[in-house]
Amino acid sequence: MALSALVSQFSMSWASVALVSDSVNMSMTDHVLRVQADLGELREFYNIDIAPRRYDALNTYHEDELGLLKKIDFEGLDQEGKVDYILLRTFHTRQINNLDLQKSSQEDYEILLPFADDLIELLEARQDVKPMVAKEAANTLNGIQKSAAQASKKVQDGGFNVTETTGYLASKAITGLLERLAEWYTFYSTYDPLFDFWVTTPWQSTNTTLTEYLTVVETTLAGMHQEGEQDAVVGEPIGRAGLEVELKAEMIPYTPEQLIDIGNQEFEWCEKEMIAQSKALGFGADWKEALEHVKNDYMDPGKQTEYIRELVVEGSNFVTERDLVTVPPLANSTWRMTMIDAERQKVSPFFLGGPVIQVSYPVEEMEHDLKLMVMRGNNKHFARATAFHEMFPGHRLQLYMADRYNSHRRYMFDTPFFVEGWALYWEMLFYDRDDFHTSPEGRIGALWWRMHRCLRIIFSLRFHLGELSAQEAVDMLVDRIAHERSNAEGEVRRSLEGSYSPLYQAGYMLGALQLWKLRELVVDSGKLSEKEYHDAILKTGMMPIEMVKALIMDDGLSRDFETEWEFYDFD
């Protein structure tokens, strides 16, 4: 069969493929796993992020899968199956909406990539293993090189009036194209002698020019790599439309403004508590003075890892001895610890957790002032209030269980409202008790983190609404909770640079509030014990918390389910 015929055959409707190879009556678990595998194939093949055919392929797939779901007998499913059905329908709808938003965003920076179409055509021909004519490829590369050189000169001459965000997005696109171009060259080089004769020199020239152009875009337009200065903190505001897409997918029934109100209301509660603890320490109502006292109580260099280990063990023992949640012995005995290097601490100034707890602390090459900021930002009391968040009963326990119960939900449906909400819920629970934080310093450490999560709601949503710049977000953290500036920059950089979902930072507090409200419904009412409630959450798998509620409370569900659970009581 001719190659063109094969390509045509592989381009047949995704729905037809699904209906022929998979029964509509397969289990919903298998549907989820099949979609996960399908998307792995699609994203691996259509790996040029800005290519139109990638958009077309993914959009068609999700549309066809929505059509396939309509053929399933929803009422014939059990509760777990109904939840998976709703999760899949929500997932495909979200992906379609986000593809459209990405396509619209691309229109803002494509003026900076006049060579993109020719380069994408070259790269896609290699993906399809079409016959490559070396001389023609050399001509194409020569044209790309000239176009990139002209664009570079225009940028340096001030010929593009674009925002830092647009420059940042263009730099990400150029980086992706360079990676694919290197793959393209490696595929043909030394294998095809005509390729080496015609293409090697034009490729080297094009690769060099594109690399230089990337640097020009980063430095001139995106505010990166400024001599003697930190990179500008930039990100892409997704706007109200983007937030509405994400909120619907996360099953949050509130507007962005209502969520900002929640952040402010919770912050006010924290501030009153802070003043009470400050008075207990003798600092009066000036709680920031008490906070300074707490921040200056840090471990000596070389001692932080030993201290963190003690805190992890303490958290595990605390919940086990009080029978608050099941901690499997294997999870408790196989966790590991690593240190975060200086470069990564720019975006991860605190702990990270999971199978491994990753510790931020000063390293030798840091400047003196930065060392002190990092030590103050990772003081004993901040650390004690977050080590259990990362490990037990937080992320370590949560991820361990997610691999073992309803694991098909972990990767497609994971959400910060569940992942971070679970860990912050435990911070709230520990604070609510009188046997964990037994000193004012400990309570101040816990409250600082809680205030931090309130501000995450406020600055992230206001940024995406276009009401707040990234630098203003940094200033908010410094001014309102005396955040160490280097850590605040790392926090905002991580939040907005695009590696986290737009609602990630809001998910901490809002997810915890959802779990707290659900606790009222099932624990305070006597339907489940604390341990039964916590174990039940861990066994549902990762997903929006309204679906956790549906499973634990056996809520009625319909095919056209829409979120409606109002979990917060406004003052």
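Q: Which residues have the most contacts inside the largest nonpolar core, and how many residues does that core have?

A: In this predicted model, the largest nonpolar core has 136 residues. Leu-259, Ile-308, Trp-426, Val-492 and Met-547 are the ones with the most contacts inside it. Helix α21 (residues 440-464) gives the most to this core, with 13 residues.

Q: What does Ile-308 touch?

A: Leaving out residues up to four places away in sequence, Ile-308 touches Met-337, Phe-351, Ile-357, Val-359 and Ala-383.

Q: Why is α11 called roughly perpendicular to α12?

A: Look at the angle. Helix α11 (residues 256-280) and helix α12 (residues 287-295) pack at about 70 degrees, with their axes 8 Å apart. Roughly perpendicular covers 65 to 115 degrees, so α11 is roughly perpendicular to α12. As for handedness, α11 passes α12 in a left-handed crossing.

Q: Which residues make the contact between α11 and α12?

A: From α11 come Glu-271, Met-274, Ile-275 and Ser-278, and from α12 come Trp-287, Ala-290 and Leu-291. Sorted by class, the contact of α11 with α12 has 5 nonpolar, 1 polar and 1 charged residues.

Q: How do you know whether Leu-291 is buried or exposed?

A: Leu-291 has 0% relative accessibility, and buried means under 20%, so Leu-291 counts as buried. This residue is found in helix α12. Not counting residues up to four places away in sequence, Leu-291 touches Met-274, Phe-382, Ile-444, Trp-448, Ile-481 and Ala-482.

Q: How far apart are Leu-291 and Trp-448 in sequence and in space?

A: They are 157 residues apart in sequence and 8.3 Å apart in space, going C-alpha to C-alpha.

Q: What makes α15 roughly perpendicular to α23?

A: Again, check the angle. The axes of helix α15 (residues 368-377) and helix α23 (residues 485-496) cross at roughly 70 degrees and come within 8 Å. That angle falls in the 65 to 115 degree range, so α15 is roughly perpendicular to α23.

Q: Which residues of α15 and α23 meet, and what are their classes?

A: Leu-370, Met-373 and Gly-377 in α15 meet Arg-485, Ser-486 and Asn-487 in α23. By class, the contact of α15 with α23 has 2 nonpolar, 3 polar and 1 charged residues.

Q: Which residues of α15 are buried, and what covers the buried residues?

A: Val-374, Met-375, Arg-376 and Gly-377 are buried in α15. The cover over the buried residues of α15 includes α12, α16 and α23.

Q: How do you know whether Gln-145 counts as buried or exposed?

A: Gln-145 has 17% relative accessibility, and the cut-off for buried is under 20%, so Gln-145 counts as buried. Gln-145 lies in helix α7 (residues 134-156). Leaving aside neighbours within four places in sequence, Gln-145 is in contact with Ser-205, Thr-206 and Thr-209. Gln-145 and Pro-202 are 57 residues apart in sequence, yet 8.1 Å apart in space, C-alpha to C-alpha.

Q: What kind of peptide bond joins Phe-392 and Pro-393?

A: A cis one, with omega about 5 degrees. Pro-393 lies in the loop between α17 and α18 (395-402). For context, most peptide bonds are trans.

Q: What is the phi of Thr-190, and is Thr-190 buried or exposed?

A: Phi of Thr-190 is near 75 degrees, a positive value in a residue other than glycine. Thr-190 sits in the loop between α8 (164-188) and α9 (193-221). At 70% relative accessibility, with exposed meaning over 50%, Thr-190 counts as exposed.

Q: Why is Asp-323 called partly exposed?

A: Its relative accessibility is 45%, which falls between the 20% and 50% cut-offs, so Asp-323 counts as partly exposed. The place of Asp-323 is in the loop between α13 (304-321) and α14 (329-333). Phi of Asp-323 is positive too, near 55 degrees.

How values were computed: Residues are numbered from 1 along each chain as its sequence is written. This is a predicted model: local features need pLDDT of at least 70, side-chain atom pairs count only at pLDDT 80 or more; totals for chains, interfaces and linings use all residues. Side-chain values use heavy atoms; hydrogens and water are left out. Axes are lines fitted to C-alpha atoms, for helices over the stretch in contact, and angles run from 0 to 180 degrees between N-to-C directions. Helices (H or I, at least four residues) and strands (E, at least two) are DSSP runs, numbered from the N terminus. Angles under 35 degrees count as roughly parallel, over 145 as roughly antiparallel, 65 to 115 as roughly perpendicular and the rest as oblique. A crossing is left-handed if the near helix is turned anticlockwise from the far one by less than a right angle, and right-handed if clockwise. Contact means heavy atoms within 4.5 Å. Ala, Val, Leu, Ile, Met, Phe, Trp, Tyr, Cys and Pro count as nonpolar, Asp, Glu, Lys and Arg as charged, and the others, Gly among them, as polar. A nonpolar core is a set of buried Ala, Val, Leu, Ile, Met, Phe, Trp, Tyr and Cys residues joined through side-chain atoms within 4.5 Å. Buried means under 20% relative accessible area, exposed over 50%, partly exposed in between (1.4 Å probe, protein chains only).
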